[in-house]
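Q: Hi! I've got a structure open and I'm new to this. Could you walk me through a few parts of it?

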Amino acid sequence: MVGMEELFLLSFSIPLAAGLMLFKLDGKRADYFMLITVIITTLLNVLGVYEFCSSGMKTVHEALLTSKSLGEVYGVLIDPMSVAVGLVVSTAGLLFMLYAVDYMSPNNREHPVYEGKGRFYAWMVLFIGATLAFVYSSSVLQLLIFFEIMSLACWGVVSYYGSKKAKRSAYKAFIVTNFGAMIGLYTAVGVGITHLHNLSLFAYSSLESHLKLIVFLAVVIAAFTKSAQFPFYSWLPDAMVAPTPASAFLHGAAMVEMGVFLLARFIQFMQPIPREGFYVMAGLIIATQLICILMYPSQRDAKRLLAYSTIAESGLMYVALATAVLGMESGLQASVFQLFNHAYIKGLAFLTAGTFSYALGTLEMDRIRGLIKSPVVGYGWTFALLGLAGVPPFGVFFGKLGILSNANAMRESLLVLAMFALLLLDSAVFLMVSLKRVHSMVFSEGNERVEITPLMKVVMVILLILAIIAPYIAYPLVAKVGW
């Protein structure tokens, strides 16, 4: 009988192997092979989650490769945080890839695809596998390896269309995130080798205070490059040249969220963290929030608007982590809760924007009118924007409430008050921009019907449902997250 650890190991090992094989396939064969792979991956992960919950949600840590000089080199860590994040990565990834089957076709008016689907699928399946492997890693060396594979897969999907802009944006994303890896994770690995003689995450709490601060600040840089926070944010809006299913995964369940997950892991295992780390985080978060608030009204491209929304939403997850740095365990829980709630509604937003490319041939919001004639698209866009702004009953509303519930942290620093105030201002500004766009794009005259396939509609409806019920799925797992 296959055990829980084997289920999770297989859930990322299979897509890592299958992704390489997809480079040699195309057309229907690529469709079938990709779908079989991501369905098996998701089923294995869901079965693993079921086994984990049935066993009482007890943390399982298994070192698979150790050495005398490096301690734990490779292992698997199954706990409420990794299980919650892995569940959203696998399920959202499956839905995005189902959508991709019809989106990546000759019928796409903006980017018709006649050949090369296998190459796109290969990068995406590798992306899913590397992300899941990253989530279940128990050593810092593993985090570094899969961090880099994710960056490589990001380069592959962003450069997919082959234009000068696509290639330039792909290299920018690759260079920025690799800069973060070199500063952050190489530092963490170096300290683990030279001072701890152990690369296990469990070893880093024993570092001396000054070394702990150095490692923490280095990892903040790695996480902020991945999540496109100030001053590393510009690569993410540029990366919107990627095919829309890739953009949905980048924003909803992969690169950006994995920056948050990375920092959450180090906060979880390095407590207590020197207070100076909080001040650095808070300054960068506040700068990020201000930039997004200023950028929302000027966006004309649907995907770029969503990109700035992602940067801001990740910033909110970091607000929660900043309170965790101050010693509030509930801040760690709130960040993971918001990550889970954000994934499905952001995926819905991007896939709805993808229907604009597919059926209308444009992402320019000023040129799109009368979406109400196509109810799934019109209401999908409306609910996605309102959900991202924090309007109930969508999960982001409860995620933001979870962050604000850490109000006791304001006693520790006025910077917490500033971050909370900007959280509310960000929501208000994005809501105003969203209402304006919904009025002009959905409830207006003009444009032909947005004709999309039944499969695309079904995926969008499922994402809408998940965006509402996500808090109820996530809460039992998130409530168990702790030091």
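A: Happy to! One thing to know before we look at the record: UniProt annotations may be inferred rather than shown by experiment. Also, this is a predicted model.

Q: Good to know. Which residues does UniProt list for the domain?

A: The unreviewed UniProt entry lists residues 137–421 as "domain: NADH:quinone oxidoreductase/Mrp antiporter transmembrane".

Q: And how much of that span is helix, and how much is strand?

A: The span of residues 137–421 is 73% helix and 0% strand. Its end C-alpha atoms lie 35 Å apart.

Q: OK, so what are the angle and distance for H3 and H4?

A: H3 covers residues 80–103 and H4 covers residues 117–135; they pack at an angle of about 170°, with axes 9 Å apart. Angles over 145 degrees count as roughly antiparallel, so H3 is roughly antiparallel to H4.

Q: Which residues meet there?

A: On the H3 side they include Val85, Val89, Met97 and Val101. Among their partners in H4 are Phe120, Tyr121, Met124 and Ile128. By class, the residues of this contact divide into 11 nonpolar, five polar and one charged.

Q: How does H4 sit against H9, parallel or antiparallel?

A: The axes of H4 and H9 (residues 244–252) cross at roughly 10° and come within 11 Å. That makes H4 roughly parallel to H9. From H4, the contact uses Phe120, Met124, Phe127, Ile128 and Thr131, while H9 brings Pro245, Ala246, Phe249 and Leu250. The contact of H4 with H9 has eight nonpolar residues, one polar and no charged ones.

Q: Is cysteine 154 buried or exposed?

A: Cysteine 154 is buried, because its relative accessible area is 1%. Cysteine 53, with 33%, is partly exposed.

Q: What about serine 309, where is that one?

A: Serine 309 lies in helix H12, which runs over residues 302–325. This serine is buried, with a relative accessible area of 2%. Leaving out residues up to four places away in sequence, serine 309 touches Tyr296, Lys346, Leu388 and Phe430.

Q: Let's turn to the backbone. What do most peptide bonds look like, cis or trans?

A: Most are trans, and most residues other than glycine have a negative phi.

Q: Which peptide bonds here are cis?

A: One of them runs from glutamine 271 to proline 272, with omega near -5°. Proline 272 is in the loop between helix H10 and helix H11. Another joins proline 392 to proline 393, with omega near 15°, and proline 393 lies in the loop between H14 and H15.

Q: And which residues have a positive phi without being a glycine?

A: Methionine 57 is one of them, with a phi of about 60°. You'll find methionine 57 in the loop between helix H2 and strand E1. Alanine 228 also has a positive phi of about 60°, and its place is the loop between H7 and H8.

Q: Are those two buried or exposed?

A: Methionine 57 is buried at 17% relative accessible area, since the cut-off for buried is under 20%. Alanine 228 is buried too, at 0%.

Conventions:
Residues numbered from 1 in each chain as written. Predicted model: local features only at pLDDT ≥ 70, side-chain atom pairs only at ≥ 80, totals over all residues. Heavy atoms only, no water. Axes fitted to C-alpha atoms, helices over the stretch in contact; angles between N-to-C directions. Helix = DSSP H or I, 4+ residues; strand = E, 2+ residues; numbered from the N terminus. Parallel < 35°, antiparallel > 145°, perpendicular 65-115°, else oblique. Contact = heavy atoms within 4.5 Å. Nonpolar A, V, L, I, M, F, W, Y, C, P; charged D, E, K, R; others polar. Buried < 20%, exposed > 50% of the residue type's maximum accessible area, 1.4 Å probe, protein only.
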